[in-house]
Amino acid sequence: MSQIKAAVCHSFDEPLRIETVDLRAPNGSEVEVSLGAVAVCHSDIAYAAGAWGGTLPAVYGHEAAGTITDIGASVSGLAIGDRVVVTLIRACGECTSCAAGSPTICETSYNGDHGPLKTAEGGVLHQAMACGAFAEKVVVEQSQVVKITADLQFDAASLLACGVITGIGAVVNAAELRAGQDAVVIGCGGVGLNAIQGARIAGARRIVAVDMTEDKLEIAREFGATDTVLASEGKPWRAAKKAMGRGADAVFVTVGVSAVYDSAPRYLAYGGKVVMVGMPKSGESSTYEPVMMSAVNQGMVGSKMGNVVIKRDIPWMVDLYEQGRLKLDELISGRWRLDQINEAIEDTKTGAARRNVIVFD
Ligand SMILES: [Zn+2]
Ligand SMILES: [Zn+2]
């Protein structure tokens, strides 16, 4: 058992509180990781606002990197002192999804109420997303971590846990975009910028970025967008199609806004598909015209965490970064201490930030 500092959510839509909490030692195939960095993701903010419900009090945070400081008795292939990326992708390895190579949709449920965290008084403290990384340390399953080299800094590495794999994986794994195809990316935040660089890496012909502000479109061009469209213009799909000279083979919706899902199929070419990445609040709905799907082979497909297999995909992304072909440092717009987490969250909410990262000494 160790006592650690964590940012705890006691009621939805209230600031997180920095408290000392209990973290039990790793059992079985679990590892304890002392964090070097954890990024603030829009999913953490949506959870803390109550968008998807869940038990309180809770510790959010799921985009992390650090050093293994303890291991359970049956851990294999990892040792104390290893530097790792920590993800929320807890995969049992035994269910049908895991066996079929889709660990991001593992069917074995996990109840964070019975996880390694407790309040200092011994009460229930929910480990959100099987991670709870807004804290000095986490205890997670070994399936959730991937070893990284000594030269990769923790702040850059933390981004590989969610935003980067979600964006690039949506392009490479979910859309299976081929060289020469055309892509539209709606939303140029942390995930959108990675979908843009994923499309560049995949060899897309045109990559059209769509967002609400010129500032974000400027950043999108730095990440590889060939064309940009302001979403505030009426019918932005018209300008996007004009830029491509046709419709898109794939449209990536990276924002959790139902109204954006309503219009996403309008950007498509015949045979194209909408890849659904952004997560609107539970209970919201969207509409589409089924005749377009059946008449011209268009489709919609969901993509959880970029459909990645972390031990395959994170090492190749690290290699691309080391070759200078993948931008990570440029994604970080601010570095904060754990006790500044509410400021980091407020800055992220403005929509102007790329990724804010909490760093630990
Ligand atoms: Zn995330
Ligand atoms: Zn599974």
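Strand 3 is largely enclosed by the rest of the structure, because eleven of its eleven residues are buried. Buried here means under 20% relative accessible area, exposed means over 50%, and partly exposed lies in between (1.4 Å probe, protein chains only). Strands (E, at least two residues) and helices (H or I, at least four) are DSSP runs, numbered from the N terminus. The model is predicted: local features need pLDDT of at least 70, side-chain atom pairs count only at pLDDT 80 or more, and totals for chains, interfaces and linings use all residues. Residues are numbered from 1 along each chain as its sequence is written, chains are lettered from A and ligands numbered from 1 in written order, and side-chain values use heavy atoms, without hydrogens or water.

Strand 3 pairs with several partners. Two strands pair if DSSP finds at least two bridges between them. Five bridges join strand 3 to strand 9 (residues 137-141), and the two run antiparallel. In this pairing, E32 faces V139 of strand 9. Strand 5 (residues 64-71) is also antiparallel to strand 3, with seven bridges between them. Here V38 stands opposite A64.

S158 is counted as buried because its relative accessibility is 0%. Contact means heavy atoms within 4.5 Å. Leaving out residues up to four places away in sequence, S158 touches A37, V38, A39, E63, A64, A65 and V357.

C41 and C162 link distant parts of the chain, 121 residues apart. C41 sits in the loop between strand 3 (30-40) and helix 1 (42-48). C162 sits in the loop between helix 3 (154-159) and helix 4 (163-174). Both cysteines, C41 and C162, are buried.

An open sheet of three strands has the order 1-2-7, with antiparallel pairing. Its edge strands are strand 1 (2-8) and strand 7, each of which pairs on one side only. Seven bridges join strand 1 to strand 2 (residues 17-23). Q3 stands opposite D22 of strand 2. D22 also touches T119, as do P57, V124 and L125, when residues up to four places away in sequence are not counted. T119 lies in strand 7 (residues 117-119). With a relative accessible area of 13%, T119 is buried.

The protein is divided into domain 1 (2-160 + 328-359) and domain 2 (167-303). These bounds come from an automatic or database domain assignment. The C-alpha centres of the two domains lie 29 Å apart. Eight residues of domain 1 contact 13 residues of domain 2. Together the domains bury about 870 Å², 59% of it on carbon and sulfur atoms. Within domain 1, W52, L331 and R354 lose the most area to domain 2, together 58% of what that side buries. Buried area is the accessible area (1.4 Å probe) that two parts lose on being put together, summed over both.
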